[in-house]
Amino acid sequence: MFAALAHLPARVAVALLLGAPAALHAQQVQTPPPDSTPRGPVSRARAFPAVQQALLVNVFVNRLDVCCLDMPTQRVSLNSWSRNLRAGWEWDENQFGTNLFMHPYHGSLYFNAGRSRGMGFWESAPLSFLGSWTWEFLGENNRPALNDFFMTSFGGIALGEMFHRLTAMIRDNQAHGGRRLRRELATLPLDPIGGLNRFLGRRRVSQEPNPPEHTPGLLVVRLHAGARILSDSLIKTAGGLPTVMMDLVYGDPWLEPYHKPFDAFIVRAAIGEGGINLLRASGRLYGKEMTGPEARHRHLFQVNQRFDYASNSAYHIGGQSVEFGISSRWRLSRNVRFRTQVYLDGIILGGIDAPGTGVGERTYDFGPGVGIRLQGVLEIAGVPFVVYFLQSEYVHAVSGASADHYVEASGLELTLPVTRRFGLTAQGIDYGRLSRYSDRPDQERQFPEVRVLLSWTWVSRQRTPQ
Amino acid sequence: MRVSPWHAIALLGVVTTPLAAQRPHRTGLWAELCNGPSLVRIASSASTEVTTKTGFGSCFRVGGTLSNKVLLGVETFGFLDKTFGFGTRDTSVVAETGTIAVVVLWFPWRSGFFLKGGVGTGQGKFTVFPSPGQPVVAEGVGVGLTYGLGFDLPISRKFALTVNAAAVVNAIGDLVLPTTRVEDVIATMYHVALGIAVR
């Protein structure tokens with residue numbers, strides 16, 4: 001079926017893409033609300049349309065690229081499919097932002113084809129792999145890129161689940177009129193597939209209870225705006241740049257025991273230098289309390305999926321990883337607590353730049369790795385005032401230079417409250433990299449950075465935690 | 001009494017039919033051993049040429065259950081081809097690859113059909129026999145990926161026959177051979193195997 005669809009004109013592919021959810025609408029009487037995930041085997045009524053839509057996303061993007069953007073690499077044929085299936089994987093030479101940010105976003109579309117139909121996290125995860133695999137082998141005429149498959153699949157799951165939860169929080173199934181429409185439109189950049197399914201499935205206007213993800217228990221949004229000064233130890237330069245940052249906390253693992261993947265996650269994003277230059281996220285895949293909730297000092301075991309993307313004028317590093325470790329909360333007095341985190345991580349695939357790295361037009365290496373992350377937070381009345389972190393990672397390059405990269409990032413963040421919501425934040429971060437090459441001298445380089453920011457904090461504690 | 005192969009197949013059918021109607025897949029602690037023919041494909045960044053050879057692959061999996069539908073385990077996969085070569089007529093290389101990965105087996109429905117995916121560490125070792133000269137070993141370690149599907153056919157309460165079809169991808173970086181350097185090597189093994197699972 002897919003073979004035939006790939007050759008259809010764009011308008012037909014669009015019609016089919018739009019038609020798939022419409023066909024689903026007829027079955028929606030039996031299907032549960034879009035964000036609930038019932039137990040039991042996957043319903044074919046949900047799974048098959050989700051698979052169909054994940055594949056149609058590829059047809060749509062392929063036809064769009066050919067018809068509107070005139071991209072020669074997207075002109076696929078039976079010959080290109082045969083060639084790709086016979087030749088197999090390679091590493092591509094795309095830019096850092098394309099490979100480590102745009103591909104995960106693309107993967108989130110496949111993932112949310114399942115999530116928006118009521119499939120669970122683990123049920124939707126294979127859609128990310130399926131969508132990515134079919135795109136790599138059948139959606140382009142160049143050889144399938146292994147790095148794209150990793151980034152699209154694993155990154156798509158992480159971004160997809162966070163987007164799914166954030167958009168479920170913004171959408172309001174009980175709102176009316178313009179307010180409801182504005183909320184629906186606001187979610188489209190994060191979850192276009194979910195928005196499309198709601199629009200065509202008439203969920204956009206129907207009055208029904210909100211899903212559990214709508215009320216995560218704890219939600220903290222902290223916006224920062226200010227300046228950062230970034231320097232380079234090798235070329236002895238320093239420059240000041242404006243920056244806008246956002247910290248987001250969704251769910252509180254100390255208040256809510258583990259229910260489902262990503263029921264608690266944190267995000268840090270920054271905009272500057274012409275776009276998104278930082279996106280770090282970590283979501284709970286599994287968690288278990290090792291002490292009782294009434295204990296003076298509490299300890300949690302957690303497994304998190306991590307998404308890392310840092311791309312600025314000084315360095316580029318990112319990747320997909322899984323970490324496990326212990327989060328502890330030590331009660332020092334009635335209002336003062338000290339929180340610690342000790343985590344070990346495995347980098348499934350990371351990307352890192354250094355002199356001499358990359359292949360062809362690509363200027364960075366790909367490779368797996370391992371690392372450790374330590375963090376200490378001093379909080380008063382639940383508000384963090386002092387944060388110290390230390391993260392050390394090892395990346396073994398399997399594409400690019402014949403090199404091993406050792407990365408260390410440490411930092412101190414101080415927040416001084418000025419009013420109830422506003423505060424001043426100072427951050428000092430040191431990013432260091434040591435690259436050991438097999439065929440050239442080692443290189444060590446430091447990138448110290450200072451940020452001075454005005455911060456605005458908004459906290460919401462809902463009554464029905466998920 | 002002499003039992004012909006046809007009788008044995010019929011008997012197996014009688015035994016497996018009621019078992020298949022029960023919950024077919026693994027529960028609790030389970031393990032699986034499999035073996036079968038494989039095809040290896042070696043690609044590198046510097047060349048558009050892909051070397052393809054056949055060999056034999058074996059796997060061993062052990063794990064537990066996350067839920068009724070999802071199993072979590074560790075898989076080791078090994079591939080060996082004693083007549084490998086980087087040229088079309090070259091058979092002077094022994095190729096060995098090994099993968100250890102955390103795998104998830106997902107049984108979407110109540111049948112024995114499952115999908116498998118996993119990620120871990122992959123290794124490749126190529127022993128070249130130059131003439132004259134001592135054997136030279138080129139090795140690489142990197143990331144391992146596996147995905148595929150399979151079917152469990154229960155033959156008793158504890159045992160099941162398993163059919164597997166999977167791809168195992170080992171990205172192992174650069175290989176330094178006596179006459180050349182092969183950059184950014186990706187070894188892909190396609191593997192069809194019969195196995196036995198115990199729970």
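# A tour of chains A and B

Start with chain A, whose secondary structure comes to nine helices and twelve strands. Helices (H or I, at least four residues) and strands (E, at least two) are DSSP runs, numbered from the N terminus. This is a predicted model: local features need pLDDT of at least 70, side-chain atom pairs count only at pLDDT 80 or more, and totals for chains, interfaces and linings use all residues. Residues are numbered from 1 along each chain as its sequence is written, while chains are lettered from A and ligands numbered from 1 in the order in which they are written.

**Chain A, overall.** Colour by burial. Of the 466 residues in chain A, 42% are buried. A buried residue has 20 or more other C-beta atoms within 10 Å of its own; 12 or fewer make it exposed, anything in between partly exposed, with C-beta atoms placed from the backbone. Next, draw contacts, meaning residue pairs with C-beta atoms, placed from the backbone, within 7 Å. Among contacts in chain A with a separation of 6 or more, 66% join residues 24 or more positions apart.

**Helices H5 and H7.** Select residues 96-115 and 146-170 of chain A. These are H5 and H7; their axes come within 5 Å and cross at roughly 60 degrees. The axes are lines fitted to C-alpha atoms over the stretch in contact, and angles run from 0 to 180 degrees between N-to-C directions. H5(A) and H7(A) are therefore oblique to each other. Oblique covers what is left after roughly parallel (under 35 degrees), roughly antiparallel (over 145) and roughly perpendicular (65 to 115). Their contact has nine nonpolar, 13 polar and three charged residues. Here Ala, Val, Leu, Ile, Met, Phe, Trp, Tyr, Cys and Pro count as nonpolar, Asp, Glu, Lys and Arg as charged, and the others, Gly among them, as polar.

**Helix H6.** Move to residues 121-139 of chain A.

**The A–B contact.** Show both chains. The contact takes 22 residues from chain A and 24 residues from chain B. On the chain A side, H6, strand S7 (336-353) and strand S8 (364-380) each supply at least two residues. H6(A) gives the largest share, three residues. This side of chain A divides into 16 nonpolar, five polar and one charged.

**Chain B.** Finish here. Buried residues make up 39% of its 199 residues.

Key:
Two residues are in contact if their C-beta atoms, placed from the backbone, lie within 7 Å.
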